[in-house]
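I opened the model to look up ring contacts and charge pairs. My notes follow.

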Amino acid sequence: MAIPLSVLDLAHVAQGATSSDALRRTVDIAQRADAAGYRRFWVAEHHNMASVASTSPPVLIAAIAGATERIRVGSGGVMLPNHAPYVVAEQFAMLEALHPGRIDLGIGRAPGTDQVTARALRRDPDGLGVDEFPRHLLELMAWLGDNRLPEPLAEHLAATPAASTHPEIWLLGSSGYAAQLAGLLGLPYCYAHHFGQLDPVQVLDSYRAHFKPSPVLEEPYGMVCTSVITADTAEEAEFLAGPAKVMALGMRANRREPIVPPEQAAERGFSELEESLLRQLPATKFVGEADQVVARLKRLTEETGVQELMVAGATFAAETKSRTLEQVAARW
């Protein structure tokens with residue numbers, strides 16, 4: 001039995017488009033993912049980036065959940081050090097009340113932006129809140145139905161007056177820290193292979209090695225998120241992946257510009273040094289003809305032993321990403 005497929009989207013802003021255009025296209029992609037049978041559709045939290053319109057996951061999740069029928073909708077993720085845990089708990093408790101049984105709260109520890117923006121976001125601009133992450137995570141879990149704190153925190157503060165269900169909480173990360181913490185807390189874990197540079201096999205092995213059964217999970221449940229662009233031919237897929245390569249090189253040089261069209265990326269070309277860098281960058285992990293890419297994705301799931309696969313990808317056109325999702329689902 002094939003493992004479930006899910007989607008991560010960043011509401012990428014294409015050259016010449018507006019934030020409204022980017023957000024509408026994310027909703028459209030979510031609807032097509034829903035129709036194609038994907039299990040989850042997550043949106044990320046990024047700030048002060050000209051190429052990403054997904055700055056507030058709870059707001060975007062509400063729009064997507066209201067426009068879809070079956071698919072689970074969530075954050076991939078909310079960067080907890082940027083926010084007061086109680087505020088996040090209230091936001092996701094309300095989303096769950098609006099869409100019972102369909103909301104995921106994926107949590108990350110990274111800033112999701114540059115340090116200047118991080119300081120503008122956070123309540124503790126000097127410490128940046130990272131050292132308090134485990135405590136804040138436990139508080140958030142307590143307000144969302146999984147209280148493991150010695151003091152009765154949830155008895156004094158409620159995230160919602162009368163909860164019937166609670167969001168599913170995940171830990172996300174591109175380093176070993178989140179994998180180990182997720183294991184110790186018995187939470188599901190997603191490795192960000194689409195930008196992380198660690199061996200996903202080792203990261204998922206570490207998660208399983210540290211896993212302890214919990215009130216929410218008896219056995220490890222791992223997911224890997226990776227970047228995928230498919231087409232009818234390998235040549236077409238490489239052409240469509242050009243914008244993601246330009247964006248990856250730009251981010252490495254601290255240029256977060258809107259995504260360029262594939263024709264502009266092809267005309268630009270890449271130097272030998274850039275091609276060497278791109279082989280090390282994770283922006284385009286799986287690019288090619290759909291049958292071949294799906295075979296490689298299946299090998300990734302077998303090697304990592306995950307229970308779920310999440311597909312990401314930076315594309316200029318919404319149709320490129322939607323078509324990729326449909327081609328992968330049809331062959332899965």
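I paired rings of Phe, Tyr and Trp (its six-membered ring) if their centres lie within 6.5 Å; planes under 30 degrees apart count as stacked, over 60 as edge-to-face and the rest as tilted. This is a predicted model, so local features need pLDDT of at least 70, side-chain atom pairs count only at pLDDT 80 or more, and totals for chains, interfaces and linings use all residues. Residues are numbered from 1 along each chain as its sequence is written, and side-chain values use heavy atoms, with hydrogens and water left out.

**Rings**

I searched the whole structure and got six aromatic pairs. One of them joins W42 and W170, edge-to-face, with 5.4 Å centre to centre and 80° between the planes. W42 lies in strand β2 (residues 40-43) and W170 in strand β5 (residues 168-173), so this pair ties together parts 128 residues apart in sequence. I took helices (H or I, at least four residues) and strands (E, at least two) as DSSP runs, numbered from the N terminus.

W42 is buried at 1%, and W170 is buried at 0%. Ring pairs also bring in Y221, giving a cluster of W42, W170 and Y221.

**Charges over rings**

I counted a charge as over a ring if NZ of Lys or CZ of Arg is within 6 Å of the ring centre and within 35 degrees of the ring normal. The charged end of R109 sits over the ring of Y177, 3.9 Å from its centre. K298 does this with W332, at 5.7 Å.

**Salt bridges**

My rule was a side-chain nitrogen of Lys or Arg within 4 Å of a carboxyl oxygen of Asp or Glu. That gave 16 salt bridges.

R32 and E326 form one, at 2.9 Å from N to O. R32 lies in helix α1 (residues 19-36) and E326 in helix α14 (residues 318-331), so the bridge ties together parts 294 residues apart in sequence. R32 is partly exposed at 30%. E326 is also partly exposed, at 24%.

I then checked R70 with D34: 3.2 Å, N to O. Here R70 is partly exposed at 41%, while D34 is buried at 10%.

E139 bridges to R135, with the closest N and O atoms 2.9 Å apart. Both lie in helix α5 (residues 133-143), four residues apart, about one turn of the helix.

Last, I noted a salt-bridge network that links R39, R40, R72, D104, E168 and E308.

How values were computed: Buried means under 20% relative accessible area, exposed over 50%, partly exposed in between (1.4 Å probe, protein chains only).
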